[in-house]
Amino acid sequence: MTYHLPSCQKMSANKENNLVQAYIELNKFCQNGDYERALKAAGKVLQISPNEQKAFHCKVVCFIHLHNFKEALSVLCNPKNAALAADLVFEKAYSQYRLNCPKDALDTVDSAPELTPALKELRAQILYRLEQYQECFNLYRDIVKNTDDDYEDERKANLSAVVANLAAINPSADLPSFEENTYELSYNSGTTLVMRGKYNEALSVLKKAEQGCSESIIDDGGTEEEAKEEAAIIRVQQAFCQQQMGKEKEAAALYHNVLKDKPSDQALVAIASNNLVVINRDTNVFDSRKRMKAATQDGLEHKLTSRQRASIAYNQALLAIYSNQPDFCKQCCVKLNREFRQDHRATLVEAASLHKEGKRQQAITLLLKSGGVLVLAAVQIMLAQGDRKGVVKLLEDSEFKYKPAVIGLLYTLLAADNEYEKASQMFTDVYEHYKNDDEAMSALRGVWRAAAEVHTRAGDAARAALAHEALARAAPQDKRSLARLVKALRGDPARAKALAEALPPISELECKIDVDALESSKWMMGAKVVKKTVQSKQEQSPGTPGSELGQKTKPKRKRKTKLPPNADLSRPPDPERWLPKYERTAYRKRRGVRRDVIKGSQGLTTAAVDQYDMSKQTPSTATKSPRVEVKATETWTRKQQKKKGKGRKW
């Protein structure tokens with residue numbers, strides 16, 4: 001007796017068989033790396049059983065391997081797949097990261113119930129993209145410390161890249177160093193030295209990295225072209241070092257060589273092009289505009305750091321000034337302010353553009369409105385206009401009036417207008433500002449010396465003594481400053497005498513004093529003039545009678561008589577040798593060669609006239625055109641003279 005299975009049991013058996021067969025195909029395609037067919041196999045599995053979590057996971061991974069991140073994220077964010085995508089936090093965050101949404105990716109990672117090692121590394125990459133370098137450094141250091149696998153060198157390379165960016169933010173920070181056992185680590189170590197301003201050391205490390213890169217690529221079976229393309233970023237960094245060291249020709253040659261190979265890295269092309277624009281400055285504007293176009297292409301906002309993009313935007317604004325594009329320059333300044341928060345730079349560039357247009361007052365108003373250090377830029381424009389009084393008033397009301405450079409500028413401007421009393425009051429205010437700061441007092445020696453001079457010119461002896469006292473306090477070991485202070489305290493003899501005791505005795509200085517040089521009226525003109533003056537004075541002073549007998553006169557040197565090369569000493573010289581030739585007795589005028597000149601009145605017919613009358617010549621005796629004949633003769637004569645100059649005979 002035969003029993004038949006119900007239809008529902010047959011269907012479930014077929015479903016299981018189809019599911020197993022689909023999984024076998026999916027596994028085979030995944031093992032072979034054929035992700036397109038694996039994607040179809042995963043879809044087939046999900047069609048048979050929509051709740052298969054592994055098939056759904058394989059489908060998302062296939063999308064990621066095929067770089068179809070948008071579709072992967074769409075599948076993961078679909079509410080219908082919420083249960084299947086609950087555990088795929090890494091895949092979702094990675095897709096968001098690759099779609100240039102680092103903030104969303106960070107939120108996804110932070111929402112995970114557990115921070116797995118894979119999520120930790122992804123989080124570190126996201127933090128690097130968001131330029132949160134300190135937090136990224138701490139996380140990478142923890143990963144390197146607690147992980148031991150085949151990717152240790154890659155993690156160290158990433159950590160060294162983070163260290164290089166930290167050095168760019170704070171060059172004096174205490175940061176770790178790494179063993180340069182790979183060319184990536186050597187490159188990042190060289191970059192760290194560049195950020196610290198040690199360009200010579202960085203250059204040698206970068207050359208070592210370039211050599212290691214070429215050897216590594218060739219050892220792995222790559223070609224020389226691949227090695228050259230991989231080392232392009234290292235050569236651009238070398239060019240930057242040379243550019244910072246002032247070797248702009250060598251740097252420009254390196255940049256051109258890299259760009260000539262047409263590298264595939266868009267960010268590398270942008271950096272090299274921007275640096276060439278900096279080298280060009282206000283020359284070769286056409287080439288700079290072409291380079292700037294390559295440095296501002298779409299898509300670079302995700303490949304360059306904000307610091308690099310801000311530098312490119314700043315150079316673009318300057319290039320707009322050089323190429324006489326004030327409206328475009330203003331647009332660049334707005335971008336520089338809005339996107340990169342560099343309002344000072346943007347204001348300075350816009351003011352420079354207005355100044356070039358001749359709108360100086362608008363430029364000054366813009367700079368003064370921004371305030372801060374830009375006030376000094378307004379001062380420069382006002383000085384170019386010759387407004388000295390306006391500059392003095394502006395600086396006296398500014399926050400920089402006690403800075404040494406500003407004090408020197410104010411002193412120069414006030415002295416130019418002979419306002420020594422006002423300058424004296426200014427130096428008094430400076431002294432009151434710094435009198436309790438010993439370090440500043442010792443650093444401002446030039447200020448106190450100028451203050452003493454101004455107070456003396458203004459006739460204020462008390463303030464002059466105060467300035468000399470500040471100078472002596474700033475340099476306690478300087479005896480000259482102390483001597484000036486003693487001289488300034490003429491009104492207080494007791495104190496002057498007490499301070500004079502610290503001066504060296506006159507007996508120590510007597511041997512060094514030249515009394516004759518001091519009495520000379522030209523002692524201020526230099527030591528050489530003093531010696532000559534003293535010597536001439538001694539020679540001119542009258543001596544006692546008979547003193548000249550003991551002096552030896554310096555004998556005059558006899559010069560040998562020069563004679564002409566063909567002189568005959570046995571015969572007397574010609575008495576007329578000093579006379580011009582035309583005045584000598586033997587001179588005879590040269591007589592010219594007499595030629596057959598046609599003489600006679602106009603209209604007179606002679607044989608010579610008939611000889612040169614072309615109308616009377618017969619056709620047989622007629623020659624070529626006189627014009628052609630003259631030209632041919634002239635050419636021959638010129639050739640003859642040229643050949644005669646070479647020494648040939650005719």
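**Entry 1. Helices H26 and H27**

I began with helix H26 (residues 445-458) and helix H27 (residues 461-474), which pack with their axes 8 Å apart at an angle of about 160°. Angles over 145 degrees count as roughly antiparallel, so I recorded H26 as roughly antiparallel to H27. The model I am reading is a predicted one. I noted the crossing of H26 past H27 as left-handed.

I then listed the residues in contact. From H26 these are Arg445, Trp448, Arg449, Ala451, Ala452, His455 and Thr456; from H27 they are Arg463, Ala464, Ala467, His468, Ala470, Leu471 and Ala474. Sorted by class, the residues of this contact comprise 8 nonpolar, 3 polar and 3 charged.

**Entry 2. Helices H18 and H19**

I turned next to helix H18 (residues 326-340) and helix H19 (residues 343-357), whose axes cross at roughly 170° and come within 8 Å.

On the H18 side I found Pro326, Cys329, Lys330, Cys333, Leu336 and Asn337, which meet Asp343, Arg345, Ala346, Val349, Glu350, Ser353 and Glu357 of H19. The contact of H18 with H19 divides into 6 nonpolar, 2 polar and 5 charged residues.

**Entry 3. Positive phi outside glycine**

His67 has a phi near 60°, a positive value in a residue other than glycine. I located His67 in the loop that runs between helix H3 (53-65) and helix H4 (69-77). Is His67 buried or exposed? Its relative accessibility is 54%, so I counted His67 as exposed, the cut-off being over 50%.

Glu131 is not a glycine either, yet its phi is positive, at about 65°. I placed Glu131 in the loop between helix H7 (117-129) and helix H8 (133-146). With a relative accessible area of 29%, Glu131 is partly exposed, because that class lies between the 20% limit for buried and the 50% limit for exposed.

**Entry 4. Pro113**

I found Pro113 in the loop between helix H6 (102-110) and H7. The relative accessibility of Pro113 is 85%, so I marked Pro113 as exposed. I also checked its separation from Asp87: Pro113 and Asp87 lie 26 residues apart in sequence, and their C-alpha atoms are 9.5 Å apart in space.

**Entry 5. The chain as a whole**

I recorded 34 helices and 0 strands for the secondary structure of the chain. Of its 650 residues, 32% count as buried. For contacts between residues at least 6 apart in sequence, I noted that 46% join residues at least 24 apart.

**Entry 6. Confidence**

How far does the chain reach a pLDDT of 70 or more, and what is the mean? I read a mean pLDDT of 82 for the chain, with 79% of its residues at 70 or more.

I marked two stretches for caution. Over residues 543-550 pLDDT stays under 50, and the model has 0 contacts beyond four places in sequence for them. Over residues 620-650 pLDDT also stays under 50, and here the model has 5 contacts beyond four places in sequence. Where pLDDT is low, the predicted coordinates should not be read in detail.

Notes
Residues are numbered from 1 along each chain as its sequence is written. This is a predicted model: local features need pLDDT of at least 70, side-chain atom pairs count only at pLDDT 80 or more; totals for chains, interfaces and linings use all residues. Side-chain values use heavy atoms; hydrogens and water are left out. Axes are lines fitted to C-alpha atoms, for helices over the stretch in contact, and angles run from 0 to 180 degrees between N-to-C directions. Helices (H or I, at least four residues) and strands (E, at least two) are DSSP runs, numbered from the N terminus. Angles under 35 degrees count as roughly parallel, over 145 as roughly antiparallel, 65 to 115 as roughly perpendicular and the rest as oblique. A crossing is left-handed if the near helix is turned anticlockwise from the far one by less than a right angle, and right-handed if clockwise. Contact means heavy atoms within 4.5 Å. Ala, Val, Leu, Ile, Met, Phe, Trp, Tyr, Cys and Pro count as nonpolar, Asp, Glu, Lys and Arg as charged, and the others, Gly among them, as polar. Buried means under 20% relative accessible area, exposed over 50%, partly exposed in between (1.4 Å probe, protein chains only). pLDDT is the predictor's confidence in each residue, from 0 to 100.
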